[in-house]
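Subject: A structure for you to explore

Hi there,

Here is the structure I promised to pass on to you. Have it open while you read, and I will walk you through what I found.

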Amino acid sequence: MDKQISRVAVLGAGTMGHGIAQVAASSGYETRLYDIDEAAVERGAARIRNNLDKGVSLGKVTEEAQAEALARLTFTTELEVAAHEADLVVEAAPESMELKRGLFGTVEEVVTEDSIIASNTSSLSIGDLSSLLQHPKRFIGLHFFNPVHIMALVEIVWGPATAPETREAAVAFAKSLGKQPIVVKDSPGFASSRLGIILGLEAMRMLEEGVASAEDIDAAMTLGYRHPMGPLRLTDLVGLDVRLEIADYLHGTLGSEAFAAPAILRRLVAEGKLGKKTGEGFHIWEDE
């Protein structure tokens, strides 16, 4: 597998997918953004345009670069159209093993044998995700961080069957986007989610116990440890439902009670208070 990446398909136009598509197109790649839902595709396209407009207004993106990035983007609700002749397919669907495996099965029927298939999963096993593929050697984890166009880190996760050349190509791709890749062996939660979820869950337990307010718990980490964002605000940004799924998965696979989801997290998710995307989570989000 020594194929030059020039055409990228991103599956899922949500929070992560539209961001991955934006940075790929802005970095010179012909990019196709897919979602099964037409409204989701339209929202993803609008968010990309808004991000680029903001970049222009701040002087971080030229109008020429904006126009070139948008010209490289194609939006579609047809998976076969998105993945056809793609050199790299990046899946950014919800954290469901069954859903992701189904997507990969369809993708493998469309792409060539040397095309790279990647998942943006933040916690699911790369080995398990690729176990039904005919060519798991070309499968890898490409875990981006939100917001994708701002965050520098990309976690590259190699599974038991991932070929060395696939790993090398993934590292090169991440660098071409201006990102800083770290390479991690397949393990529940990888490096970033395993560490990040522990901090977030402990912050929730502290809030639950009345140790301090959400604002003060977050301030402890931003002011005391120079984190750019507190763990509860970060949970709101990621989505409480997403954090709950990750916590349950890590609790089940690692068996440590440190990953057991606090009652406050389950309650807020049940109430539909999922963070920024619903306007309320551990914080109230108004006009942000």
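A polar contact is a pair of N or O atoms within 3.5 Å; within protein, one of the two must be able to donate a hydrogen and the other to accept it. Please keep in mind that this is a predicted model.

**Two glutamates to begin with**

With that definition in hand, look at Glu 155, which sits in strand E7. Its side chain makes a polar contact with the side chain of Ser 192, at 2.5 Å. The side chain of Glu 155 also reaches the backbone nitrogen of Ala 191, at 2.9 Å. Is Glu 155 buried or exposed? Its relative accessible area is 0%, so Glu 155 is buried. Leaving aside neighbours within four places in sequence, the residues in contact with Glu 155 include Gly 141, Leu 142, His 143, Ile 182, Val 184 and Phe 190.

Next comes Glu 95, in the loop between strand E4 (88–91) and helix H5 (97–110). Buried means under 20% relative accessible area. Glu 95 has 18%, and therefore counts as buried. Which side chains does Glu 95 join in polar contacts? One is the side chain of Lys 100, at 3.3 Å, and another is the side chain of Ser 123, at 3.1 Å. Beyond its neighbours within four places in sequence, Glu 95 is in contact with residues including Thr 121, Ser 122, Leu 124 and Glu 245.

Leu 124 is in the loop between strand E5 (116–119) and helix H6 (126–129). With a relative accessible area of 6%, Leu 124 is buried. Setting aside neighbours within four places in sequence, Leu 124 is in contact with Glu 95, Ser 96, Met 97, Lys 100, Leu 129, Phe 190 and Tyr 249. Here is another pair to check: Leu 124 and Phe 104 are 20 residues apart along the chain, with 14 Å between their C-alpha atoms.

**A group of helices**

Tyr 249 takes us to helix H11 (residues 240–254), where Tyr 249 is one of the buried residues, along with Leu 240, Arg 243, Leu 244, Ile 246, Ala 247 and Leu 250. What covers the buried residues of H11? The cover includes H8, helix H10 (231–238) and H12. After H11 comes Gly 255, with a positive phi near 80°.

Gly 239 follows H10 and has a positive phi, near 115°.

Now for H8 and H12. Two packed helices are described by the angle between their axes and the distance between the axes. The axes of helix H8 (residues 192–208) and helix H12 (residues 263–270) come within 8 Å and cross at roughly 90°. H8 and H12 are therefore roughly perpendicular to each other. On the H8 side, the meeting residues are Leu 201, Met 204, Leu 207 and Glu 208; on the H12 side, they are Ala 263, Ile 264 and Leu 265. The residues of this contact divide into 6 nonpolar, no polar and 1 charged.

**Backbone details in the loops**

Where is Pro 147 found? Pro 147 lies in the loop between strand E6 (139–144) and strand E7 (153–158). The peptide bond leading from Asn 146 to Pro 147 is cis, with omega near -5°.

Glu 85 is not a glycine, yet its phi is positive, at about 60°. You will find Glu 85 in the loop between helix H4 (79–83) and E4, and with a relative accessible area of 44% it is partly exposed. Arg 226 also has a positive phi in a residue other than glycine, near 60°. Arg 226 is in the loop between helix H9 (214–224) and H10, and its relative accessible area of 76% makes it exposed.

Enjoy looking around!

Best wishes

Methods
Residues numbered from 1 in each chain as written. Predicted model: local features only at pLDDT ≥ 70, side-chain atom pairs only at ≥ 80, totals over all residues. Heavy atoms only, no water. Axes fitted to C-alpha atoms, helices over the stretch in contact; angles between N-to-C directions. Helix = DSSP H or I, 4+ residues; strand = E, 2+ residues; numbered from the N terminus. Parallel < 35°, antiparallel > 145°, perpendicular 65-115°, else oblique. Contact = heavy atoms within 4.5 Å. Nonpolar A, V, L, I, M, F, W, Y, C, P; charged D, E, K, R; others polar. Buried < 20%, exposed > 50% of the residue type's maximum accessible area, 1.4 Å probe, protein only.
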